[in-house]
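Please keep the viewer open as you read.

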Amino acid sequence: MPEFTQFLAKHKEDLQKIIKRLDSSFYFYDLDELEKHLTYMRDHKDDDVKLWFACKANPLSSILKLIRNLGLGVDVASLGELEQVVSAGVKSEDIISTGPSKSRKYIRSLLKNEINSVVVESLYQLEWLEEQAREEGVKAKALLRVQLPWDEGKSVLGGNEITAFGMDKAAWEKVNLKHYPNVEVIGFHVFQWGNILEVSQLEKIWDKTCLEVKDLAQKMEASLEVIDLGGGLGIPYQNESKTIDFKDINDVLVKLKAKHGLNKIWMELGRFAVGECGYYLSQVIDRKTVRGREILVLDGGTNHLARPALTGQAFPCHVLKEDPSTETKEFHVHGPLCTAIDKLGVFKLPENVDYGDWLIFSQAGAYGFTEAMPFFLCHNLPAEVVSYKGDIMTPRGIKTSSDWLV
Ligand SMILES: *Cc1c(COP(=O)(O)O)cnc(C)c1O
């Protein structure tokens, strides 16, 4: 992905036009960059490595269409995501389903849609999959999700905390798969640590995971045709020049495949797939000094971009301004909500930044629009704008409170 200055050189005029037209906060996605990024991954990937896109990172239809065209599968975690992915034209064999909340009814819809495989996360899920597969007269392919106990640092996926994702090894060991003749277990799924930028740390986690999973597969007399390592590849929220090269990830996977005698390795990528192609833009509404601190208040905040409030990690911030001063100052950037958690971060910005200027947050293509809390205080919803092959399209316009309040 290009440095921010290159991005601005390419898109400044377009952005100024969009700002004039929408006059309200919006997301902007550079789909040419996304296409380049996904093509690079496809071209540097071992044949036994299969990539899925974790839909929750960004379910925008234009993004799903590119994903589909470039041969990635999609991982869905709800009925809403399943319907969005199917209507974007993703074929059933290119869809898998993960997630701790799968009702019997939802499992039935997954089978009716003939999706590739279901990642089973509980005993009830296993029972219901068996029952629904029998009723549908099909054999359901499944991966068993395992939660492993070791400390590898904090993570939104829980890390070493006990979470609702999957079951521990001891619980799986008690399961006799012969009791589930309509479920074909093709492998195992493990994903507990996210947003990691060090390839060596990923390797360490995956190596340990492979050992644990091989042991479990043997004890359960289960097939290990597929090991699914989930997502977890980080993007540079802090230092925009430190990125992962997918080639290095592939090298690690090839090495682990040989070391552990694996067949197929699957990964579901969210953040790493789409994070870097997206930007969130919002206007500065006010500037003031409060008890010695420089404060900017924006048109949008946690209502459009919740991740900083949820994780304490800011998105990189830049100013769109004709005459930015070279001198910078530290600003605390707040959103429009009447709660102290509505803060996008603390940034060094040109000293003369003021009301009317626009801020651009980069690395915002994943966990943006759909992760936010858009209804609180009844501000506008952000638009979503895409740039692709010279065209600017706005699949989602601005929505005002009168569009949803009753
Ligand atoms: C969210 C999620 C992912 C994607 O995680 P990233 O860290 O964004 O790559 C992959 N697999 C599952 C099961 C997930 O819930």
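Counting every side-chain nitrogen of Lys or Arg within 4 Å of a carboxyl oxygen of Asp or Glu as a salt bridge, the total comes to 26 salt bridges. This is a predicted model, where local features need pLDDT of at least 70 and side-chain atom pairs count only at pLDDT 80 or more, while totals for chains, interfaces and linings use all residues. Residues are numbered from 1 along each chain as its sequence is written, and side-chain values use heavy atoms, with hydrogens and water left out.

| Pair | Distance |
|---|---|
| K10 and D30 | 3.1 Å |
| K50 and D94 | 3.7 Å |
| E294 and K329 | 3.4 Å |

Let us begin with K10 and D30, which meet in a salt bridge. Because K10 sits in helix 1 (residues 4-22) and D30 in strand 1 (residues 26-30), the pair ties together parts that are 20 residues apart in sequence. Helices (H or I, at least four residues) and strands (E, at least two) are DSSP runs, numbered from the N terminus.

The salt bridge of K50 and D94 links distant parts of the chain, 44 residues apart: K50 is in strand 2 (residues 49-54), and D94 is in the loop between helix 4 (79-87) and strand 4 (95-97). K50 is partly exposed at 23% relative accessibility, and D94 is partly exposed with a relative accessible area of 23%.

E294 is buried at 12% relative accessible area, while K329 is partly exposed at 29%. Elsewhere, salt bridges that share partners join K169, E173, E212, D215 and K219 into one network.

Now to the helices. Helix 8 (residues 199-220) packs with helix 9 (residues 246-260) at an angle of about 25°, their axes 10 Å apart. That makes helix 8 roughly parallel to helix 9, since angles under 35 degrees count as roughly parallel.

Notes: Axes fitted to C-alpha atoms, helices over the stretch in contact; angles between N-to-C directions. Parallel < 35°, antiparallel > 145°, perpendicular 65-115°, else oblique. Buried < 20%, exposed > 50% of the residue type's maximum accessible area, 1.4 Å probe, protein only.
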